[in-house]
Amino acid sequence: MSNRSLKTIFLAVACCLTFAASAQPSLKPWKKGGLETGQYRNVFAEMGYPQAEIDARLEKIYKEVFCGPNKVYFEVGDDMAYISDVKNKDARTEGMSYGLMIAVQLGKKDVFDRLWRWSKKYMQHQDGPMKGYFAWSLNPDGTHRAEGPASDGELYFVTALIFASNRWGNDGQINYLAEAQNILNLSWSKDGTDGIKPFIDKETHLITFTPEGRGVGYTDPSYHLPAFYEVWARWAYDGRSDFYLACAQASREYLHKSINAETGLNPDTNNFDGSFIETPAFFGRRMKPAFRFDSWRVPMNIALDYSWSCADRKWQTNYANTIQAFFYSKGIDTFADQYNVDGTEVDFAMPAGMGEMQGKGTRHSVGLVSTLAAATLAADNKISREFVERLWNSKNEPYADGYFDAYYDGLLRLFAFMHLSGNYRVIEPAR
């Protein structure tokens with residue numbers, strides 16, 4: 001057979017596959033959120049995956065992260081555990097609070113209680129100006145690498161504790177609601193003494209990058225989860241419901257200003273008004289504001305807000321369509337994990353990790369593959385199915401350059417599977 005004949009056959013097959021994909025109906029986002037309906041989409045089932053396979057796949061991914069040879073969850077003694085960013089050899093409030101959220105969502109009370117006890121004993125400041133806040137980075141033995149908090153940790157700690165209160169009650173060894181209220185009350189009591197302030201700015205109603213030092217004056221788009229505040233307004237029972245609802249509204253408005261309308265991309269950090277800031281020097285140089293590692297979480301966070309609240313439905317659907325279209329244009333199997341906000345290539349790729357486990361350059365990261373798939377909860381385009389398929393078939397394994405991230409890639413992949421299987425929900429009080 002001639003090369004011309006082979007090429008003709010290839011083009012014909014490609015055209016058929018393209019036509020078949022485009023002939024598939026768009027996945028339609030729901031028009032009401034779980035806070036109103038108590039219902040959550042199972043996108044995998046909508047696409048025809050058998051429920052038994054969905055359940056088995058989710059359990060397999062959970063075990064990879066919490067139990068397998070590349071696990072990031074480690075038990076300590078009879079009643080504690082921590083989650084480690086193993087490539088950086090530390091435990092972070094990010095990972096600990098993510099672990100709490102995963103445990104309460106999947107009904108794993110022992111895992112939740114172990115993680116909370118370790119967090120409270122080693123991470124949470126019990127006295128001094130930062131009382132109630134959590135040191136964001138610790139060695140696995142519980143000694144501190146850093147004293148200051150990162151505000152997203154507090155955000156997740158409070159929400160996960162409220163859900164634990166709703167799911168398991170407060171009559172056991174841990175009063176989950178009291179612990180959540182303690183974090184909130186101690187935060188609101190900060191008045192700037194020693195440079196320590198509330199982790200949510202009282203004037204703008206926006207979460208800070210850090211509640212101390214320079215970080216009180218700007219934010220991180222990936223810290224914005226408006227529906228979390230709606231949960232607080234309902235079940236924190238601390239007398240601040242109106243403030244939390246204002247936070248939810250302010251957070252949604254901020255995201256409109258923070259995200260590039262043409263690409264769907266946002267910088268890792270920016271000012272409260274959405275404008276760019278001069279970033280600190282990393283790796284011996286200052287980098288332009290760009291869509292990098294923190295930013296990967298934004299598509300999934302907006303999908304969560306859509307799934308739970310649906311309060312910003314039209315804008316969020318347009319956002320999901322825009323960001324999926326951008327990455328699709330870069331090659332759905334080849335897009336990189338860092339771009340300038342205008343969609344151009346970065347002039348310097350931030351390395352992933354530190355020391356001997358550092359990954360240099362960009363790659364087609366499974367963490368970003370996962371969060372872009374999760375954005376399907378809000379999308380109504382004809383390509384979102386392909387993003388979901390890539391997540392379904394994904395593996396968290398070493399990249400071609402040898403870099404491997406069991407922690408960040410692994411947790412984001414697990415979260416995305418929870419979202420798209422209907423297992424990431426608002427947990428209401430037992431009736």
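Predicted model: local features only at pLDDT ≥ 70, side-chain atom pairs only at ≥ 80, totals over all residues.
Angles under 35 degrees count as roughly parallel, over 145 as roughly antiparallel, 65 to 115 as roughly perpendicular, and whatever is left is called oblique. Keep that in mind for helices H7 and H9, which pack at an angle of about 45° and are therefore oblique to each other.

**The H7–H9 packing**

- Helix H7 covers residues 151–168 and helix H9 covers residues 226–235, and their axes sit 10 Å apart.
- The crossing of H7 and H9 is left-handed.
- On the H7 side, the contact is made by Leu-155, Tyr-156, Val-158, Thr-159, Ile-162, Phe-163 and Asn-166.
- H9 answers with Phe-228, Tyr-229, Val-231, Trp-232 and Trp-235.
- Sorted by class, the contact of H7 with H9 has 10 nonpolar residues, two polar ones and no charged ones.

**Aromatic pairs**

- A pair of aromatic rings is described by how far apart the centres are and by the angle of the planes.
- Counting rings of Phe, Tyr and Trp whose centres lie within 6.5 Å, you get 43 aromatic pairs.
- Take Phe-163 and Trp-308: their ring centres are 5.7 Å apart and their planes stand at 65°, so this pair is edge-to-face.
- That pair ties together distant parts of the chain, with Phe-163 in helix H7 and Trp-308 in helix H11 (residues 297–308), 145 residues apart.
- Phe-163 counts as buried, at 0% relative accessibility, and Trp-308 is buried too, with a relative accessible area of 0%.
- For Trp-168 and Tyr-176, the ring centres are 6.1 Å apart and the planes are at 50°, so the pair is tilted.
- Trp-168 is partly exposed, with a relative accessible area of 24%, whereas Tyr-176 counts as buried at 2% relative accessibility.

**The ring cluster**

- Ring pairs join Tyr-98, Tyr-156, Phe-163, Phe-228, Trp-308, Phe-415 and Tyr-424 into a cluster.
- Tyr-156 and Phe-163 of H7 and Phe-228 of H9, which belong to the helix contact, are among the members of this cluster.

**Helix H14**

- Helix H14 (residues 384–392) is mostly covered, with seven of its nine residues buried.
- The buried residues of H14 are Ser-384, Arg-385, Glu-386, Phe-387, Val-388, Leu-391 and Trp-392.
- Note that Arg-385 and Glu-386 are among the buried residues of H14, and both Arg and Glu count as charged.

How values were computed: Residues numbered from 1 in each chain as written. Heavy atoms only, no water. Axes fitted to C-alpha atoms, helices over the stretch in contact; angles between N-to-C directions. Helix = DSSP H or I, 4+ residues; strand = E, 2+ residues; numbered from the N terminus. Left-handed = near helix turned anticlockwise from the far one by under 90°. Contact = heavy atoms within 4.5 Å. Phe/Tyr/Trp six-rings, centres within 6.5 Å; stacked < 30°, edge-to-face > 60°. Buried < 20%, exposed > 50% of the residue type's maximum accessible area, 1.4 Å probe, protein only.
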